[in-house]
Amino acid sequence: MNTEQETGEKPNISIKNLDITYNYENDSEEVKAARDINLDIKNGEIVSLVGESGSGKSTIGSSILNLLPKDTLTRGKIQLDGKNLLELPENDIREIRGKDISKIFQDPMGRLNPLMTVEQHFIELLNEHTDFGKEKAIEKSIDALNDVGIPPNRFEDYPHEFSGGMRQRIMIALALVLNPRILIADEATTSLDVVVQSQILNLLRDVTEKYNTSILNITHNLGVVAEISDRVVVLYGGKVVEKGSAEEIFHKPKHPYTKGLINSVIGLDTEELEWVEGTPPDLVNPPSGCPFHPRCPQVMEKCKKQFPEQTGFNDSHKTWCHLYES
Amino acid sequence: MAEGRGLASYILTRLILAVPTVLILLTIVFLIMRVAPGDPAQAMLGAKAPPSQLELLREHMGLNKPLYMQYIDYIFGVVQGDLGKSFQFNTPMWELIKPRLMATLELVLYGFTLAVGLGVLLGKESAKREGSWGDFLGDLYGIAIYAFPIFWVGIMAQLIFGIELGWLPTSGRFGAMAPPQTITGLYTIDSLLQGQIDKFIVAIKHLILPATVLGVYISGIFTRITRTNMLQTLKEDYIEAAEARGIKEKLVVNRYALKNALLPLITIMGLQFALTLAGAVLTEVTFNWPGMADFIVSMAIERDYPAVQATVTVFAILVASVSVLIDIVIGVLDPRIRF
Amino acid sequence: MNEKRNIKLWVKNLKKYYPTIENPLKKLIKGQEYVKAVDDISFEIKKGEVFGLVGESGSGKTTVGENLLMLQKPTEGQLYYEINEEIKKEILEAEKNGNKEKINKLNKKHSLRKRKNLRKLRKDIQMIFQDPSAALNPSMTVFESILHPAKIHKIGDTKEERKQKVYNMMEEVGLTPVERFKDKYPRDLSGGERQRVIIARAMILEPTFLVADEPVAMLDMSIRSKILNLLMKLKEEFGLTILFITHDLATAKLICNRIGIMYLGKIMELGKTKEIFENPKHPYTKSLMRAIPRADPRERERDKNLPEGEIPDPIDMPQGCRYHPRCLEATSKCGWGPRDLKEHIENNLLKIYDEEEIEEMEFNFKEDKENNKLEIHDKKEICNYLEKKKKEDTPLMNAIKETNKNQNKLTIKFKKPKEPKRKETETRAACFYN
């Protein structure tokens, strides 16, 4: 799309040793939302962060754009073009938001300003990040809307005149119009009905391919993960417990949590109800050692004491579990 | 395309709907004035008036006609801009009321503008700094201002700025000088229209104290409402989404949060306008302002029923018009309520 | 309990219309408009079964549940509770003969719409909601929350007996050890635990009929199955009949004996779960099944064949079969009309005009619902496009009855629409082709 963009290999974003703590000024309520996260996203790749409530998946997504609440401590590195996003001054990170990295959210209904037309949203965004004239801005916007299936005569309509799925399409067009490197999709299809969800997933796959954008897909829905991801990162209690290609995670899961999670999905071919016993971890006082140990069916004594080292099965497939340590 | 049509039809319906509203208000005014116990003629002339004079007065005021005829006369009169004649001065009511109404409107206009400006500014800044000392002070201001009686604040302002410091006049609307020729009846506007800067300055000087007292007094409620609405709006999902698109914070606060938070504020402004009129009455007494307050009190003492009725009618129409205006403004600002 | 009363609930011609909130003047001119949230649906739930009502948001499934408990008053229709075939036959016969007196008498005896009947059954019919946090009083402990309804309905004779019943129920739903949970507040519980409290609170009244509205939708994936399993266990133990309302076809498949699939206020297909999944009849059912995401990347490239668009706004319901604009198997009979053509033109604007003409890409039209026609004011590009397109063999184009061109106006008239009905005895699906 964007002809100015260089055609060569884009550098990846890489997250290194990321720790995120909420309420860090208040010791007794410190929430250790993410601990020692490492993650690379390659060019044009779709990576899913999957986890349940309290896994830290949304927190990691927000930290990339520096959109966390004030009283939050972040340590580690999020690198894009040799810059550490966590250390950028507000003005510099703002230039990256919406241009190099953009984000779409769960509930599309409330994500557009009800007092602004679709056109105004686009013009505002393009004014902020480019020096296109009005004509070029409109042309770009209409192209982006066309890519997501919104007819051009709806350009001057207000958000309330669109359905939920159409609003998510508009959000996607807004997110992609500047040809970003990475699109963060935080539960972007969760509140949509299955048919529309499926439509949006197809759209995301096609459009990001066209725009050559990577996706960081954050979701709890394993069906969505399987439909769209190249690679999957499984989170539990703020820790990465397993990562690998979609094929590896779904067909050769290693970590007991990954296995439990996949087994508890209710699909059309499910014959028996299965689940993971126990309750999600308390992040103010996270369990010692491996955070999954209180719920793990194969728990051992050392699981309670220390977090396991990484075990690699091949270049892509890794897990953190004492069962596999040699 | 469909956009403009929706707005036009919305404004049209609002205007059409205003007709029954005003009619109902007028009916209430009529009922209170006429059907209330007691004979207006008797009240005006005193208990010992001879029956022949009473009869004459009744005939003069149209009180001998059947009630429904009186009602029709009244409504048709108002529709044609005829508010009846004053019993005391025997001049058309509108001529008596107009200059006083304009005096009150001038006071209210400046007071109200100041109140909204101050309220929105303080409320917005307060909300931006939620939980800080500045926010606390803004909040305190909103409450404290309400706790002082308005006439006490007025007297204090007179003592300090008028008498102690001698900066500003403490009473009246224009002092001894001849006021500007009437075009709108608002001295500040009229003097400017005629290029009389000196007169404008005199008018403004007289306005500052009463308008500020009135404005500050009502700004408390606007501060609180703006703050609450801003805080709520700042937590909306579209604010976060705008931030994620890299829109500047200033734009997000003003274009997204403030504009959206102003919608409920404008609705409140319509209601508040009627209260401001009431507040203006108190301020007028304190500052000896030749407005409606002074007029309605003296007419009531003189038992000039037609005059009282005309004044109430004018107030009713004024409040109804403001509420229609507010609805239209909201219609223009908020695309969701058009059809 | 009467053993012969094998129909737990018969929902008969239930309608729930909500008036739209409109400007009073518009109402005067156009008349009050309604959102038909539930539009004449009928089904029965047999004693001891789990009946699933499946639909997307806006299908009306939740409204049906609320109407059963009279949390909302139905606009029309009846709900007969605990009847049998004979009573059903009696009602139908009385209706056929127009015997109002008899119908009234039967309603008085069996209909949930009669306050007296409902009051008697308040304990017997219980509901479980989607959001467990919203349904619990934050200032009540687990023990108090479960005890509260028992106290109101005077379950158990003494305080001690009631207390014991609460403890038993806590054990029943897995809030164990009881000592650890009984004094906790909702904020100290996980989503799954809260839902258990709600289930215990409902079950302590010993109901025989449970309405469960998306009971696991807000819970974490890894514990959904456990709550569902609990519900099934309770069903067996207490002989419950369950109305299970869900958007998730896969869950319905797993736990329901029979299901009804709703779309825009209508039941599109109804039948035994097994039959529906083995041999879906309605195109909507088929699409839903294809759309469900599979937790298996190997199935990613399967033929999904998704319907276009989304559920339309129920204020402006499509005519004919309400699913036809999205239906992949629709023919010219299904109820095509001006709005479909309008949408078709809108979606093809970029094809109709050249790229450079983006600025003037609009078209003036007038939709005449009553006469089922669309008037387009002269835009030669659009007219030319339609001339060409008309010859194509698509359902929309085939549904056009006549076109008229005079001067600057193109009028396109459609055939009169008909809505397919689902006849309970003959066909499962409300579709012309079954």
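Which residues gather in a patch of positive charge on the surface of chain C? In this predicted model, local features require a pLDDT of at least 70 and side-chain atom pairs count only at pLDDT 80 or more, whereas totals for chains, interfaces and linings use all residues. Residues are numbered from 1 along each chain as its sequence is written, chains are lettered from A and ligands numbered from 1 in the order in which they are written, and side-chain values use heavy atoms, with hydrogens and water left out.

The positive patch consists of C:Lys73, C:Lys108, C:Lys114, C:Arg115, C:Lys116, C:Arg119 and C:Lys120. Patches comprise residues with over 30% relative accessible area and no salt bridge, like charges being joined within 9 Å and nonpolar side chains (Val, Leu, Ile, Met, Phe, Trp, Tyr) within 5 Å. Lys and Arg count as positive and Asp and Glu as negative, while His and the chain ends are not counted; each charge is placed at NZ of Lys, CZ of Arg, CG of Asp or CD of Glu. Helix α5 (residues 115–121) of chain C supplies the largest share of this patch, four residues. Helices (H or I, at least four residues) and strands (E, at least two) are DSSP runs numbered from the N terminus. C:Lys108 belongs to helix α4 (residues 100–110) of chain C and is exposed, at 61% relative accessible area. The terms are buried for under 20%, exposed for over 50% and partly exposed in between (1.4 Å probe, protein chains only).

A nonpolar patch on the surface of chain B has about 1,100 Å² of accessible area in total, and its members include B:Phe148, B:Trp152, B:Phe161 and B:Leu282. Accessible areas come from the Shrake-Rupley method with a 1.4 Å probe; for residues, only the protein chains shown count as cover. Helix α7 (residues 150–164) of chain B contributes the most, eight residues. B:Phe161, found in this helix, is partly exposed at 32%.

C:Lys15 is buried at 18% relative accessibility, whereas C:Glu76 is partly exposed at 42%. Another salt bridge connects C:Asp39 and C:Arg322 at 2.8 Å, N to O, and both residues are buried.

How values were computed: Salt bridge = Lys/Arg side-chain N within 4 Å of Asp/Glu carboxyl O.
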